[in-house]
Structures are given as C-alpha cells and as structure tokens.
Amino acid sequence: MTETNVTLTVNGKRSSLRVRPNELLLNVLRDRMFLTGAKYGCGIGECGACTVLVDGRPALACLTLAVAVDGKEVVTIEGLARGDELDPLQEAFLDHGAVQCGFCTPGMIMTARSLLDENPSPSEEEIREYIRGNICRCTGYTSIVSAILSCAKEKEEA
Ligand code: FES
Ligand code: FES
C-alpha cells in the first residue's frame, strides 16, 4: 500500500511521518508515538475510550484515519498537564474518586475538557448529554459528573 507523508502536531510537538492510507490515528498515537493514554476499547466508535482532541474538538481516534489529521493539532491526555501541574479536570477526577479501573478516564477527561472549553458552566443534564458517548464500564457516572460539575463551579468562583 502506498504510504503518504503527514505532518501533525501532537501535544504541541510537530511530527512528520509516513502512514498507510488505512492507518488509524489511534495506532499512530499508541504504537508509533508511544502515547498510550487513549485506549483501544471497542474499535468501532461505541465506547469513547479512544477520544482525543483534534483542533479542539473531540474525535474518536479508532475511527479517524491518520491521513485525515494531516496539518491538524491533536491533544491527548498526556498533553493536558502543564509540567507538574495537572489540568483542573484531572485534579477534580482525583478529588471525586471518579477513577476506578481508569480505562475510560483519558477519553472521558478529553470529552469533558472539550465540553468545558465550549460551555464553562454546564448543567448536570448538559454534562450527562455531552459525555453520553463515553462508556464507563465501572459505572462511575455519579462521581464523573460531580467531578466535571465541581471543576466548572471552581472556575466560575475563581
Ligand atoms: S475504541 Fe474508539 S470508540 Fe471505542
Ligand atoms: S473507571 Fe473503569 S471504565 Fe470507567
């Protein structure tokens, strides 16, 4: 299969690589860039475990071709913290016990990050609606929603 050159910026770092036309962003991130935060869950767009941000919007890396992100900016869970300082959402997930096995957590946090960037003061209903594509097999939704709500409130009060 003919490979194509793509250039993408991942977590602020620009990289050029050759990819096959059918190569998935998730495999590029995990196997070639060793960014294993985004998880391979269902592989068919049903669970949200592979969610990353592409140009600031949530994208399912298991359904996104690497060629489709040529020239784009990708952020994974590894790119959220600023040095030693966790993203406020990461802190809130820890504070609220919103991480059980942790498998859904990177995708859930990336989706929540996009929500709060779009709508800094979402209602509980809006949060539940926004994260509906992210499945938590540990069913920790109550803590997850509380974490997102508290993060939004903290920002409002700041
Ligand atoms: S692994 Fe991508 S949606 Fe499930
Ligand atoms: S914490 Fe286990 S799947 Fe969500």
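**Salt bridges and their surroundings**

Reply: Let us begin with E129, which counts as partly exposed at 46% relative accessibility. Please keep in mind that the model is predicted. The side chain of E129 meets that of R132 in a salt bridge, at 3.2 Å from N to O, and R132 is exposed, with a relative accessible area of 58%.

Me: What is the general idea behind such a pair, and how many salt bridges are counted?

Reply: Side chains of opposite charge can pair when their charged atoms come close. Here the count comes to 8 salt bridges.

Me: Which residues are linked in a network of salt bridges?

Reply: The network links R20, E23 and R32. Between R32 and E23, the N to O distance is 2.8 Å.

Me: How far apart in helix α3 are D117 and R113?

Reply: D117 and R113 lie 4 residues apart in helix α3, which means that about one helical turn separates them. Their salt bridge has its closest N and O atoms 3.3 Å apart. R113 counts as buried, since its relative accessibility is 12% and the cut-off for burial is under 20%.

Me: What does T111 contact, beyond its neighbours within four places in sequence?

Reply: T111, also in helix α3 (residues 105–118), is in contact with T51, Y130, I131 and N134. T111 is buried, at 3% relative accessibility.

Me: Which residues of helix α1 are buried, and against which strands do they pack?

Reply: In helix α1 (residues 25–32), the buried residues are L25, L26, V28 and L29. They pack against β1 (4–10), β2 (13–19), β3 (51–54) and β5 (73–75). Just after α1, F34 takes a positive phi of about 60°.

Me: How many disulfides does the structure hold?

Reply: A disulfide is a covalent bond between the sulfur atoms of two cysteines. The structure holds 0 disulfides.

Me: Which domains does the assignment give, and what separates their centres?

Reply: The domain assignment gives domain 1 (4–79) and domain 2 (88–157). Their centres, taken over C-alpha atoms, are separated by 21 Å. Across the boundary, 17 residues of domain 1 are in contact with 14 residues of domain 2.

Note on methods
Residues numbered from 1 in each chain as written. Chains lettered and ligands numbered in written order. Predicted model: local features only at pLDDT ≥ 70, side-chain atom pairs only at ≥ 80, totals over all residues. Heavy atoms only, no water. Helix = DSSP H or I, 4+ residues; strand = E, 2+ residues; numbered from the N terminus. Buried < 20%, exposed > 50% of the residue type's maximum accessible area, 1.4 Å probe, protein only. Contact = heavy atoms within 4.5 Å. Disulfide = S-S within 2.5 Å. Domains from an automatic or database assignment. Salt bridge = Lys/Arg side-chain N within 4 Å of Asp/Glu carboxyl O.
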